[in-house]
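Here is a short briefing on one protein model. Look over the sequence and the fold, then read the points below.

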Amino acid sequence: MARDQVQRTKPVSEDELKEKLVYLGRVTKVTKGGRTFTFSAVVVVGDHNGTIGHGLGKAREVSDAITKAVQDAKKNLVKVPVHKGTIPHDVHGKYGAGKVYLKPASDGTGVIAGGAMRAVLDMVGVHNVLAKSNGSSNPHNVVKATINALSRLRSPQEIARVRGISMEKLFNH
């Protein structure tokens with residue numbers, strides 16, 4: 001699998017996925033007949049155990065937009081290695097002008113992240129991480145950049161397998 005490819009996965013059960021609304025936007029279109037309001041919703045879904053997805057929904061009603069976003073998020077699931085409540089190594093992610101940096105943290109640190117990044121990290125099941133967002137603060141780009149960073153993570157088992165060494169040798173260096 002190439003480094004920038006996203007590993008898509010289906011969870012054991014759709015019922016295990018929890019959803020979180022990241023952003024709700026109201027768009028106004030002025031027409032001859034008056035103003036028309038539509039809503040756009042950005043939602044992340046996750047199982048708090050390494051599976052994460054994001055979706056965008058647009059509709060004339062808020063509830064319809066959220067429902068569409070959740071359905072879209074369930075189609076875009078990614079499996080992420082979570083190691084002892086944190087991420088295995090430092091990683092950068094980018095989407096559009098949104099850039100994020102994630103760094104593992106020791107037990108008890110908590111999720112040091114803002115807004116859209118915090119929602120993604122909570123839903124994936126990371127409990128201790130340091131995160132920084134640079135560039136665009138647009139929730140759409142920050143969510144996608146965070147998921148891009150998480151999808152670049154490699155588990156210690158995968159690194160040992162690629163290098164052709166044992167886990168003990170990997171951690172004793």
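Two strands pair if DSSP finds at least two bridges between them. Strands (E, at least two residues) and helices (H or I, at least four) are DSSP runs, numbered from the N terminus. By that rule, β6 (98-104) and β8 (129-135) pair in the antiparallel sense over seven bridges. The model is predicted, so to speak of its reach: local features need pLDDT of at least 70, side-chain atom pairs count only at pLDDT 80 or more, and totals for chains, interfaces and linings use all residues. Residues are numbered from 1 along each chain as its sequence is written, and side-chain values use heavy atoms, with hydrogens and water left out.

**The four-stranded sheet**

- An open sheet of four strands runs in the order β5-β6-β8-β7, with mixed pairing.
- β5 and β7 (111-112) are the edge strands, each pairing on one side only.
- β7 and β8 run parallel and are joined by two bridges.
- V111 stands opposite V129 of β8.

- β2 (34-46) and β3 (51-59) run antiparallel, joined by eight bridges.
- The two strands form a hairpin with four residues between them.
- V42 stands opposite L56 in β3.
- β3 also runs antiparallel to β4, through three bridges.
- Buried means under 20% relative accessible area, exposed over 50%, and partly exposed in between (1.4 Å probe, protein chains only).

**The nonpolar cores**

- A nonpolar core is a set of buried Ala, Val, Leu, Ile, Met, Phe, Trp, Tyr and Cys residues joined through side-chain atoms within 4.5 Å.
- The largest core has 28 residues; I52, I87, L102, L121 and L150 touch the most other members.
- Elements that give two or more residues to this core are β2, β6, α2 (115-124), β8 and α3 (139-151).
- The largest share, seven residues, comes from α2.
- L150 touches V80, I87, L102, V120, L121 and V124, not counting residues up to four places away in sequence.
- Contact here means heavy atoms within 4.5 Å.
- Another core lies apart from the largest one and has eleven residues, among them F39, A41, V45 and A65.

- Why does α2 count as largely enclosed by the rest of the structure? Seven of its ten residues are buried.
- The buried residues of α2 are A116, M117, A119, V120, L121, M123 and V124.
- An α-helix has 3.6 residues a turn, so residues three or four places apart point the same way.
- G125 follows α2 and has a positive phi, near 100°.
- T146 lies in helix α3.
- At 0% relative accessibility, T146 counts as buried.
- Leaving aside neighbours within four places in sequence, T146 is in contact with V100, M117 and V120.

- H48 sits in the loop between β2 and β3, and its phi is near 60°, a positive value in a residue other than glycine.
- H48 counts as partly exposed, at 36% relative accessibility.
- K84 is in the loop between β4 (77-79) and β5 (91-95).
- Phi of K84 is also positive, near 55°, again in a residue other than glycine.
- K84 is exposed, with a relative accessible area of 74%.

**The cavity**

- On a 1 Å grid over the protein atoms alone, a cavity is a set of points where a 1.4 Å probe fits but cannot get out; lining residues have an atom within 4 Å of a point.
- Grid points are joined across faces, edges and corners, and a volume is the space filled by probe spheres set on the points.
- How many cavities of 30 Å³ or more are there? The count comes to one.
- The largest cavity holds about 40 Å³ of space.
- Its lining consists of V42, H54, G55, L56, H140, V143 and K144.
- β3 and α3 each supply at least two residues of this lining.
- The lining divides into three nonpolar, three polar and one charged residue.
- Ala, Val, Leu, Ile, Met, Phe, Trp, Tyr, Cys and Pro count as nonpolar, Asp, Glu, Lys and Arg as charged, and the others, Gly among them, as polar.

Technical notes. 1 Å grid on protein atoms, 1.4 Å probe; cavity = no way out; pocket = protein on both sides within 12 Å on 5 of 7 lines; lining within 4 Å.
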